[in-house]
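Keep the viewer open while you read.

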Amino acid sequence: MNAKANKNQVTSIEPAYYQAITEAIRKEAVQILKDETVVGVVGYLPGRRKGTASPALVTTVEEAEKLIFSPACVNNLSVYLTKAKKGVLKQGKVGIVAKGCDMRALAGLMTESQLQREDLFIIGVVCPGVYGFGVERTGTLTEANIARKCRECTVHMPEGSDVAAGTHTELADLTPEEAEEMARIEAMPQAERWAFWKEHFSRCIRCMACRQVCPFCYCEQCLCDKNRPQAVESSPRPAGNMAWHLVRAMHLAGRCGGCAECERVCPMDIPLNLLNRRMAQELKELYDFEAGLTPVEKGPLNEYKENDDQSFIK
Amino acid sequence: MHAEHIKHDFEPKIVAFVCTWCTYAGADLAGTSRMQYPSNVRVLKFPCTGRIDPVFILRAFQKGADGVLVSGCHPGDCHYMAGNFHARRRFAAFRALLSFVGVDLNRLQFSWVSAAEGGKWVDVVTELTERVRTMGPMPEFKELEHEEQWSTFAGASVDKSTVLNSPELKEAYDSIG
């Protein structure tokens, strides 16, 4: 069965589509809470303001009936299951609402033995996309208000989930903004590239939101917080900023699932996902590795082949 | 039979991260064999190339290195079986990242030098030193080190009308006097 062949390409995604997913999620969440398959479900509840949503852990049937899915459900919920956010998984099996990009993060965490598949009940969402930053939230998703990462999404279908909510629908004719931006930077002369990133990194205020929101930044102590010896300067000065962002990109290389949460939460609008994507592209070219929806034995930087490329080594 | 000492305008600082089992022994061999190579290189000994974190390279550049050399055992010869294989993948990725943010990769050299290859060590070090010498000092990371977030506003030579690009900032700056 070819999912690509019978997908639905439309110019706008109406609230009714999200409503259908909402119903399916509620039905499933109520069911698994009732028969005690799970102790709780990590999902989205309506935010206080209209057109928003906030992540929530629901443990009762009444709460589960309030779960929603809308284009405002931007968060990657897998971060709540990691060691960095202690607690949720201690009590038993947990349900989680996951879009395609979130499932890649879950798969990555399973690869790294941070999660066990049998501890999870994954309610997959056939996600057509979510809102971008600072756009008009009308309830309808169109080319004008879709997030940058969703323009090039390859994981609309949450394959490997326990249940999937929704039918395959996606917006037609989206321009790949990030790929274009990456090609533009690649084509710059070296000095201009440096100036481009220097300008972006010099704005960084080192709030560490990118680290806090990342499902893969679960280290108990971050290398960048250590001060004996100090590897990366911790104050928001240009030198430390550059080092922090390079170290971050390097530590996520071969692990990042591409949910672009780092870029979304960045208060200074640093295009962090470009770095992640560049690393992913390189690992694809060199070692044919792509972050997928199912766990693998080892990530690309944790394994090796004897005949790996070494043309850059004398 | 010392080679004639030539005086250069610029002596680059080269930091070499080497593995203790192969390249360090190789460099030692070059020394005991009385081979001549540029004294610009500062050798730092590590247990294995697998121990060399990319952050060391960043730090070397920040603290004033004009070139960095990373050198270890040939593939298959690692004392710890696979350290250099892992390092090879890691540095391949790191090179791509550095290139993406605009660092000239000619300043960063990787090599395999075994304990028997004193001559190769001399070649690698000489070539890197001469290459970096023609390229001149590496300003990028060093400049960052001395910059403050607001340093563009503090310099007396800076034209403030172009730097202070919003009325609020300009007003705030003027009120400081």
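How many Å separate the centres of domain 1 of chain A and domain 2 of chain A, taken over C-alpha atoms? The answer is 26 Å. Before going on, some housekeeping: this is a predicted model, where local features need pLDDT of at least 70 and side-chain atom pairs count only at pLDDT 80 or more, while totals for chains, interfaces and linings use all residues. Residues are numbered from 1 along each chain as its sequence is written, and chains are lettered from A and ligands numbered from 1 in the order in which they are written.

**Chain A as a whole**

Domain 1 of chain A covers 8–171 and domain 2 covers 177–287, with bounds that come from an automatic or database domain assignment. Across the boundary, 19 residues of domain 1 of chain A are in contact with 16 residues of domain 2 of chain A; contact here asks for C-beta atoms, placed from the backbone, within 7 Å. The domain 1 side of that boundary has seven nonpolar, five polar and seven charged residues. In this scheme Ala, Val, Leu, Ile, Met, Phe, Trp, Tyr, Cys and Pro count as nonpolar, Asp, Glu, Lys and Arg as charged, and the others, Gly among them, as polar.

Chain A holds nine helices and nine strands, which are DSSP runs (H or I of at least four residues for helices, E of at least two for strands) numbered from the N terminus. Its radius of gyration is 20 Å, close to the 20 Å that the globule rule gives for 314 residues, so chain A is as compact as a globular protein of that length. That radius is taken over C-alpha atoms, and the rule is 2.2 Å times the number of residues to the power 0.38. Of the 314 residues in chain A, 42% are buried, meaning that 20 or more other C-beta atoms, placed from the backbone, lie within 10 Å of the residue's own.

**A sheet in chain A**

Five strands of chain A make an open, mixed sheet in the order S4-S3-S5-S6-S8; strands pair if DSSP finds at least two bridges between them. The edges are S4(A) (53–58) and S8(A) (163–165), each pairing on one side only. S6(A) (residues 120–125) runs parallel to S8(A), joined by three bridges, and Ile123(A) stands opposite Val163(A).

**Where the chains meet**

The interface brings 34 residues of chain A into contact with 34 residues of chain B. On the chain A side, these elements give two or more residues each:

| Element of chain A | Residues |
|---|---|
| helix H5(A) | 190–202 |
| helix H7(A) | 238–252 |
| helix H9(A) | 272–287 |

H7(A) supplies the largest share, eight residues. By class, the chain A side has 23 nonpolar, three polar and eight charged residues.

**Inside chain B**

Take strand S4(B) (residues 108–112): five of its five residues are buried, so the strand is largely enclosed by the rest of the structure. Leu108(B), Phe110(B) and Trp112(B) are buried on one side, Gln109(B) and Ser111(B) on the other. S4(B) pairs with S3(B) in the parallel sense over five bridges, and Ser71(B) has Ser111(B) as its bridge partner.

S3(B) (67–72) turns up again at helix H1(B), as part of what covers that helix's buried residues, along with S1(B), S2(B) and H4(B) among others. Those buried residues of H1(B) are Thr23(B), Tyr24(B), Ala25(B), Gly26(B), Ala27(B) and Ala30(B). After H1(B) comes Arg34(B), with a positive phi near 60°.

Conventions. Contact = placed C-beta atoms within 7 Å. Buried ≥ 20, exposed ≤ 12 C-beta atoms within 10 Å, placed from the backbone.
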